[in-house]
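Hi there,

Here is the structure I promised to pass on to you.

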Amino acid sequence: MLIKRDDQTGLATGGNKARKLEYLMAEALGRECTAVVTVGGPQSNHCRMTAAACRRLGLEPYLLLTGPQPAEAEGNLLFDRLFGAHLRFVDTTDEAAIAVELACLEEDARAAGHRPYVIPLGGSTALGAAGYVEAMRELERQATCRVDHVVVASGSGGTQAGLVVGAGAWFGGPRVHGVSVSRPREVLVPLVARLADETARLLGVDPPAADAVVVHDCYFGPGYGVMTEDCREAIRLVARTEGLLLDPVYTGKAMAGLVDLVRKGVFERGQTVVFWHTGGVPALQAYRKWFAGDTAPPT
Ligand SMILES: *Cc1c(COP(=O)(O)O)cnc(C)c1O
């Protein structure tokens with residue numbers, strides 16, 4: 001197994017959102033916007049990286065954080081505060097209510113004299129996903145052997161959509177396995193497929209084959225951001241065998257999925273699997289109670 005280190009993309013501790021933001025922020029600048037408004041949970045990597053990208057480019061970040069407001073600013077939320085992002089908390093998961101709050105935040109930015117650019121959840125538009133078409137091209141250039149499978153965490157679907165389009169353009173390219181962190185297959189497959197089609201159209205390349213969107217949905221447990229025993233085990237396993245950190249929301253669950261797919265014989269002997277590390281490590285801090293029992297071995 002090989003690991004593609006998008007936890008090292010270099011923007012405020014790294015992560016996959018840098019590749020989407022490369023294109024989204026370019027559009028914001030092209031439209032002469034002066035602020036960016038986006039949305040995510042209190043431990044959103046997307047929000048943290050958007051805030052960092054804004055500061056890098058001289059734009060003002062406005063973040064709508066959904067769910068209960070944490071008592072302490074830790075992990076990504078600490079970084080949001082360090083970047084001086086304007087924060088609005090709303091304790092709901094209802095999409096319509098979130099859309100209303102997002103419009104209010106956009107209005108706040110206008111009232112402050114800004115021209116806002118709005119990025120939807122996870123930056124998963126066709127333009128954002130284009131960053132992952134380019135990422136797959138990068139893997140193709142870097143690969144020194146045939147790559148048979150790519151395993152990646154899939155949330156809002158833009159990362160997987162871009163990778164699927166990129167794999168379609170790579171002769172003999174890999175099969176992309178999305179490990180869902182929040183949605184059942186019936187929801188995530190059509191979402192990724194639609195986004196992949198839009199992305200292919202935007203770039204003027206062939207749309208992916210009908211069976212190219214593969215989603216595994218038995219690894220997210222009770223729901224988004226909820227720790228599972230398999231996720232905890234996967235984080236420990238990779239920490240102790242590789243000295244490498246995974247995150248509790250995305251890559252821990254994706255790795256738990258990879259381990260199970262190996263056990264189930266989904267990958268054939270001799271095939272090469274690339275695990276796409278999408279980042280998220282700052283959130284670990286907010287999940288420390290799950291690792292409270294991990295003490296140093298006796299000396
Ligand atoms: C956002 C995110 C993902 C999922 O990417 P999507 O494009 O939303 O599917 C995976 N891993 C990490 C660490 C993320 O922050």
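**Two loops and a sheet**

Alanine 12 is found in the loop that links β1 (2-5) to α1 (17-30). Please keep in mind that this is a predicted model. The phi angle of alanine 12 is near 50 degrees, a positive value in a residue that is not glycine. Is alanine 12 buried or exposed? With a relative accessibility of 18%, alanine 12 counts as buried, because the cut-off for buried is under 20%.

Glutamate 32 also has a positive phi without being a glycine, near 55 degrees. You will find glutamate 32 in the loop between α1 and β2 (35-40). Glutamate 32 has a relative accessible area of 62%, so it is exposed, the cut-off being over 50%.

Now to the sheet. Its 4 strands are arranged in the order β4-β3-β2-β5, and the sheet is open with parallel pairing. At the edges are β4 (86-90) and β5 (116-119), each of which pairs on one side only. On average, neighbouring strands of this sheet are turned by 20 degrees against each other, direction ignored.

How many bridges join β2 to β5? There are 4, and the two strands run parallel. Valine 36 stands opposite tyrosine 117, which belongs to β5.

Finally, helix α4 (residues 95-111) lies across β2, β3 (60-66), β4 and β5. The helix α4 runs at about 155 degrees to β3.

Best wishes

Key:
Residues are numbered from 1 along each chain as its sequence is written. This is a predicted model: local features need pLDDT of at least 70, side-chain atom pairs count only at pLDDT 80 or more; totals for chains, interfaces and linings use all residues. Side-chain values use heavy atoms; hydrogens and water are left out. Buried means under 20% relative accessible area, exposed over 50%, partly exposed in between (1.4 Å probe, protein chains only). Two strands pair if DSSP finds at least two bridges between them. Axes are lines fitted to C-alpha atoms, for helices over the stretch in contact, and angles run from 0 to 180 degrees between N-to-C directions. Contact means heavy atoms within 4.5 Å.
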